[in-house]
Amino acid sequence: MKTISKIQLPKDGWAGLKENFSADATAGFVVFLLAMPLSLGIAKASDFPPIMGLITAIIGGMVVSLFSGSKLTIKGPAAGLIVVVAGSVADFGGGETGWKLALGAMVVAGIVQIGFGFLKLGKLADIFPLSAIHGMLAAIGIIIIVKQIPVLLDVNPELYKGLSIVSMITSIPTFFANFDPRATMIGVYSLAIMLGWPYLKDFKLGKIPAPLMVLIVAIPSELAMDFAHTEPPYALLHIGSLTDNLNFNADFSGISNPGVFIKYVIMFALVGSLESLLTVKAIDLADPFRRKSDNNKDLIAVGVGNTLSAFLGGLPMISEVARSSANVNQGAKTRWANFFHGFFILVFVLVATPVIEMIPNSALAAMLITVGIKLAHPKEFVHTFKIGKDQLAIFLVTIVFTLVEDLLVGIAAGILLKVILHLLNGASMKTLFKAPVLVSSNGNDYLIEIEKAAVFSNFLTIKKKLEEIPVGFNLTIDLKNTKLVDHSVMENLHRFQHEYEEHGGHVKIVGLDKHKPVSDHHLAARKLVHH
C-alpha cells in the first residue's frame, strides 16, 4: 500500500476542470439523471413545492462544489431530512405559511452549521454512538416508507393530512381500501424496477440508472392512460416555472414561537451535519485516490449552501450518500462532477419543465420507498444484533422514540441508554468524558496506553492523541488497563488502523485478552473480567 503517494492525484480547481472534464461531466450527467426525480420526490414528501428540491440540488451542485472540503460527494436534498422538514412545516402551521416559517429556521441552522465548521466540529460524528445513529437512520427509513404508501396508492391526500406517524401506520388498511388501480399499477412496477435493478448490474440494460428507467416506463404509461384528463390533480407532479418561484421566501417571524423555532434549528443543524459527515466518511473510504476530506471545510460549504437555499425557498442539503456513491462508481475525479450535476439540473428545468410535469406521483413514491427500504433494511437489525444485544437495545430504543416522538428525542434516548449501560458495566461518570491516554515512543515504535474506559463519549480525546502521531511508524494501542471498550470505539480504532496502514504505518491493538466480548462479532464491546 506504500505506493499510494506515487499515484498521480487528479488536479483541483480550474486545472482539474480541464484535466478531468470528460470524466467529471459524464459522472455529473449520470448523477443528474438520478438526482432530478429524487430531488422532486423529496421536496414533495417534505411538503415543499417540488421545484424547491431542484433549486437545492442546483445550489448544492453549482455553488457548494466551488469550495467544498470533499472531492467526490454530491450535495443535494436528503431523504433523511424529510422527517424533520415535513415536521417543521406542520409545526409552523402547514401550507405556504408553514413552509416560509420553516425556511426561517433553516437559514439560522445554515449559519449554525457554518459555525460548526469554524469551531472545527467536523469530528461531531465521532461523538455519537454508532447504534444510535443507525437507529436514527432506520427510523427515518420506516417513516419514509409509511408516508409514501398512500402516495404510491394514489389515495386522496385529505385521508392522511396531518396524521402522526403512528396514526399513519394504523391507517394503512384504509389506504389500501381506497387505492386508485391505474396510478397504483404504475407505482407497483416502478417499485419493482427500483428494487430489481441492482440484480441487472451485469447486463447492458442495468447500466441505466434505475430512477431514469422508472421515468422511461412511467411517463409513457401515464400518457397512454391520459392522466391529465382522467385522474385527479394529485396524481401528477406540478412544479411551475423556475423563474416564477425564485424569490426570497424565508420568513423569520417564527422566532416568536421560540420553543418550536429553536427545536428545528437544532434538528436541521445537528441531523443535517451528522448525515453529511457520515457520508463524507463513507465516500472517503470509496475514493480510489484515497484522498482525505476536510470535514470542517465541508461543513462550512454545506452551511453556506443551506443558508442560500433556505433564503430562496429550497430544502436543506447534505452530502448525500446514494448520489455520492453513484458519482464514485461512474468514475468522477474531482468536485467538478458535483458542479456538473447541478448544471444539468438547471438546464433541464429551464428547457424541459413540461416533461417533469408528466411524472406520476406514484412513481416518485416508489423511488422514495426504495430509499426507505435501504435505510431500514432487515439486515441492519440482524447486523446490530450480531454486534451485541446491548447494541440492538440502543438501536431499537432510538427507533421507537423517534417514531413516537421525534428524531431529537430518539437520539437522546439512544445515547441515554448507552450511558446507563456503560455505568452498569463499570465505567465511572468521570471516565465517560475523559479517557487517560499515555503516549510514549522509542525509535520507530509508539505505544499508546488507554486507561479506565474507552467509550463513544470520550473517544475524541483518544482520537486527538492518535492523530498527533506522525504517519509511517509502528503503533501499539494497549487496552489492558481499560475496564470497558465499547462498540463505537472498537469500530473507530479498526478504522484508524485501516487508514494509518494505508499510509505505510503499522498498527497493533493489544491488551484485550482479559476482556470478555459481549458477542462473537469482532467489533463487539468488551468488558474486563476480574479473575
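Which helix gives the most to the nonpolar patch? Helix 19, spanning residues 389-404, does so, with three residues; helices here are DSSP runs (H or I) of at least four residues and strands are E runs of at least two, both numbered from the N terminus. The structure is a predicted model, in which local features need pLDDT of at least 70 and side-chain atom pairs count only at pLDDT 80 or more, while totals for chains, interfaces and linings use all residues. Residues are numbered from 1 along each chain as its sequence is written, and side-chain values use heavy atoms, with hydrogens and water left out.

The patch covers about 400 Å² of surface and is made by V166, V400, F401, V404 and V409. Patch members have over 30% relative accessible area and no salt bridge, nonpolar side chains (Val, Leu, Ile, Met, Phe, Trp, Tyr) being joined within 5 Å and like charges within 9 Å. Accessible areas come from the Shrake-Rupley method with a 1.4 Å probe, and for residues only the protein chains shown count as cover. V404 is found in helix 19 and counts as exposed because its relative accessibility is 54%, where exposed means over 50%, buried under 20% and partly exposed in between (1.4 Å probe, protein chains only).

T353 lies in helix 16, residues 336-356, and is buried, with a relative accessible area of 14%. Leaving aside neighbours within four places in sequence, T353 is in contact (heavy atoms within 4.5 Å) with I239, G240 and F348. The C-alpha atoms of T353 and S241 are separated by 7.1 Å, although the two residues are 112 residues apart along the chain. A polar atom of the T353 side chain lies 2.6 Å from the backbone oxygen of V349.

L512 is placed in the loop between strand 6 (506-510) and strand 7 (515-517). L512 is also buried, because its relative accessible area is 17%. Beyond neighbours within four places in sequence, the contacts of L512 are with L479, V485, M490 and R526. Its C-alpha atom is separated by 8.1 Å from that of D478, 34 residues apart along the chain.

E275 belongs to helix 13, residues 258-286. E275 is buried yet has no salt bridge, a salt bridge being a side-chain nitrogen of Lys or Arg within 4 Å of a carboxyl oxygen of Asp or Glu. The nearest side chain of opposite charge is that of R323, 9.1 Å away; Lys and Arg count as positive and Asp and Glu as negative, with His and the chain ends not counted. Not counting residues up to four places away in sequence, E275 touches G80, L81, M136, L137, I140, I318 and S319.

How values were computed
Polar contact = N/O pair within 3.5 Å; in protein donor to acceptor, adjacent residues only side chain to side chain.
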